[in-house]
Amino acid sequence: MRKIAIYGKGGIGKSTTTSNLSAALSSMGYRVMQIGCDPKSDSTTGLNGGRDVPTVLDALRNNPEGVTLEDIVVQGAGGVLCVEAGGPTPGIGCAGRGIITAFEKLEELDAYEIYRPDIVLYDVLGDVVCGGFAMPIRGGYARDVFIVTSGEKMALFAANNIATALSNFKSRGYARLSGLILNSRNIEKEVEMVEDLAGRIGTSVVEVLSRSPVVQRAEDGNGTVVGLFPDSPMAKEYVSLAEKVLERSVDDA
């Protein structure tokens, strides 16, 4: 099983990229589970026809003792298994703690043994890398980490922060940085700036994703580019990304 975390600054297109990556991997015959680790809980809506997936934290609030896998795992487009960790009540609690709670519940219910995914993708907010949001890294859940960024200052800042967190955990044999994914915003010298960061943090750019109106059209259609526009150039970019992620990630099976 490949265990891959996709990190990135909020609003950078991380969930869109992850959902299209899931769809592309599914189209290649892999059984994929995507776990949204963002309090907004919208990581997997594009895989579920625009419908929200019940979150693990909400299920636990409503039925603390009786949560089942059927309550928190939804099979979306292409058979992708969709899970959302969920977030705390606004102003109360810790979003990172929600991620930990969701992971513990999935393990307690033997989710990985029962569904036997080939690939698990963790879609993680990277604006902060506190203990909770670093859980996919330091808890042994993810082996490979890819960071979605653009050439914008705050996106590069977040990418550098995530790389620093990974470096701090390096001696413990936790997850490794496997590359940057450039989600283009068409700013001046964008490729050069992201390649410069990649060189400074000891990695490389895996794929350069174009800025395409097809992405918005797919979101308006409550789906993924790969699912709704499979013959588009943008879908081919996501398939190319999927192939490169497979080349760079470790299969623990």
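Which residues point one way from S5, and which the other way? Ile 119, Leu 121, Asp 123 and Leu 125 point one way, Val 120, Tyr 122 and Val 124 point the other way, and all are buried. Buried means under 20% relative accessible area, exposed means over 50%, and partly exposed is in between, with a 1.4 Å probe and protein chains only.

Before I go on, this is a predicted model, in which local features need pLDDT of at least 70, side-chain atom pairs count only at pLDDT 80 or more, and totals for chains, interfaces and linings use all residues. Residues are numbered from 1 along each chain as its sequence is written, and side-chain values use heavy atoms, with hydrogens and water left out.

Back to strand S5, residues 119-125. Because 7 of its 7 residues are buried, S5 is largely enclosed by the rest of the structure. Strands here are DSSP runs of E, at least two residues, and helices are runs of H or I, at least four, numbered from the N terminus.

Now the neighbours. Strand S1, residues 2-8, pairs with S5 in the parallel sense over 7 bridges; two strands pair if DSSP finds at least two bridges between them. In S5, Asp 123 has Ile 6 opposite. Strand S2, residues 32-37, runs parallel to S5 and is joined to S5 by 6 bridges. Ile 35 stands opposite Tyr 122 in S5.

Last, two loop residues. Asp 110 is not a glycine, yet its phi is positive, near 60 degrees. Asp 110 sits in the loop between helix H4 (95-108) and helix H5 (111-115), and is partly exposed at 38% relative accessible area. Asn 186, also not a glycine, has a positive phi of about 60 degrees. Asn 186 is in the loop between strand S7 (176-183) and helix H8 (190-200), and counts as exposed at 58% relative accessibility.
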